[in-house]
Amino acid sequence: MHQAIVRTKDARKPGRLGVQMRRHADLTATDHKRWADLSTAAGAANIFAQHWFMDVALRHAASARDIRLAIVSGDDGAWHGVLPLARESRFGRWPAANWQTWSATNQFLGFPLVRPDAASHFWSALFCHLDSRLGGEMLIHCRKFARDDPVCAALIAHCKTSGRGFRMFGRFDRPAHISGSDAAPDGKKLARLRGLRRRLERDHGPVSVEMLDIGADPAGWIDGFLALEKLGWKGREGSALACAPETEGLFREVITKGQHQGQARLAALMVGGRAVAMSSWFVSGNHGVGFKMAFDEEFRSYAPGLLLMREVAESVGQNPAMHFDTCAPTAGGCGQPLWNGSRTIFDCAVAIGPPRRRLFFDGLMRARAAYAAIRSGMRRVATSA
């Protein structure tokens, strides 16, 4: 096991930070305790990176043997940050060895779990360690990072001040509830949803929203959700959670764990005693993230998913301090009128290795940009033809 030692210059920090690359299967009971302690200390900015979720995700990952946990710890052994990484031999279409941040299926944020007071030191220690490795990797490919998160901001600041190569790409916005925002949801769209609910109730009977009590046994809700999702287009295409034992197992266990932690929220839109839409999300402190939603396609004309999402938005909005990331695909999606803002999500590449390898990184980024420009030009020509 290779470990790098980095001396920090900040007197408020431990004198040394160690970096280890560990397999999940090799972690000891003490390691898991330290990971859980880090989850408490790091707060709820990325619920998906907390020990209770990530431990389950790694146990259900088919590629778990190829994943390394980059652990930054202090002299006392306490973890300051952890980031799952997987080594890849290609970066897109180019043969270039790299590390890629690893995320589980249906995990919509990928930035690391880091103590709030240790973000800059985490990145400094991690990059020093990756620079010294002999595997030939020229970059770390970071995926599903959030522009407004302090750990992600610390990464950008570190690269800027140190002169380390950094390229952002794949940037997009998605609906979110932003604490302190004066913006309001789209009143006309909300009125349309109220009309759809009235029509649904007129055509099919009483409409209600049922929330599973926090801490209650979620087994029945889980069975219902998996069956509902598999009946739809995801089931027909083989991408529903229940179509693969790994994804079904992950869903069952993280929902159960989330219920045990008091962090899962499970809801169903009921029509005449029948669930026509179901949704799950996680809440920790004043942070929340959307997880999975499914709806009955027989009721598509009534937009049951949106009707349920409206209830979720109203529930979230009751806490003015709540910062809620819907994890929906884009801010322009159909759920946007329900939320008061959006959140910027991005991917990026960061150079690692000795100076010569950094030059290769710069060349790769230029080639990638040139190729993207050519493809964009070809699409414009095809569109105008």
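Guide: What follows goes through selected salt bridges, then turns to the aromatic rings. The model is predicted. It holds 23 salt bridges. Start with D148 and R343. Their closest N and O atoms are 2.8 Å apart. D148 lies in the loop between β7 (139-146) and α4 (150-162), while R343 lies in strand β14 (residues 341-351), so the pair ties together parts 195 residues apart in sequence. D148 is partly exposed, at 39% relative accessibility. R343 is buried, with a relative accessible area of 5%.

Next, D131 and R358. Their side chains meet in a salt bridge at 3.3 Å, N to O. This pair links distant parts of the chain: D131 is in helix α3 (residues 119-132) and R358 in helix α10 (residues 355-384), 227 residues apart. D131 has a relative accessible area of 19% and counts as buried because that value is under 20%. R358, with 24%, is partly exposed.

A further salt bridge joins K234 and E229, at 3.7 Å, N to O. E229 is buried, with a relative accessible area of 4%.

Arginines also meet rings. The charged end of R93 sits over the ring of Y371, 4.3 Å from its centre. R368 lies over the face of F169, at 4.1 Å from the ring centre.

Finally, the rings themselves. The structure holds 23 aromatic pairs. In one of them, W221 and F225 are stacked, 5.4 Å centre to centre, with 20 degrees between the planes. Both residues are buried.

Methods:
Residues are numbered from 1 along each chain as its sequence is written. This is a predicted model: local features need pLDDT of at least 70, side-chain atom pairs count only at pLDDT 80 or more; totals for chains, interfaces and linings use all residues. Side-chain values use heavy atoms; hydrogens and water are left out. Rings of Phe, Tyr and Trp (its six-membered ring) pair if their centres lie within 6.5 Å; planes under 30 degrees apart count as stacked, over 60 as edge-to-face and the rest as tilted. Buried means under 20% relative accessible area, exposed over 50%, partly exposed in between (1.4 Å probe, protein chains only). A charge sits over a ring if NZ of Lys or CZ of Arg is within 6 Å of the ring centre and within 35 degrees of the ring normal. A salt bridge is a side-chain nitrogen of Lys or Arg within 4 Å of a carboxyl oxygen of Asp or Glu. Helices (H or I, at least four residues) and strands (E, at least two) are DSSP runs, numbered from the N terminus.
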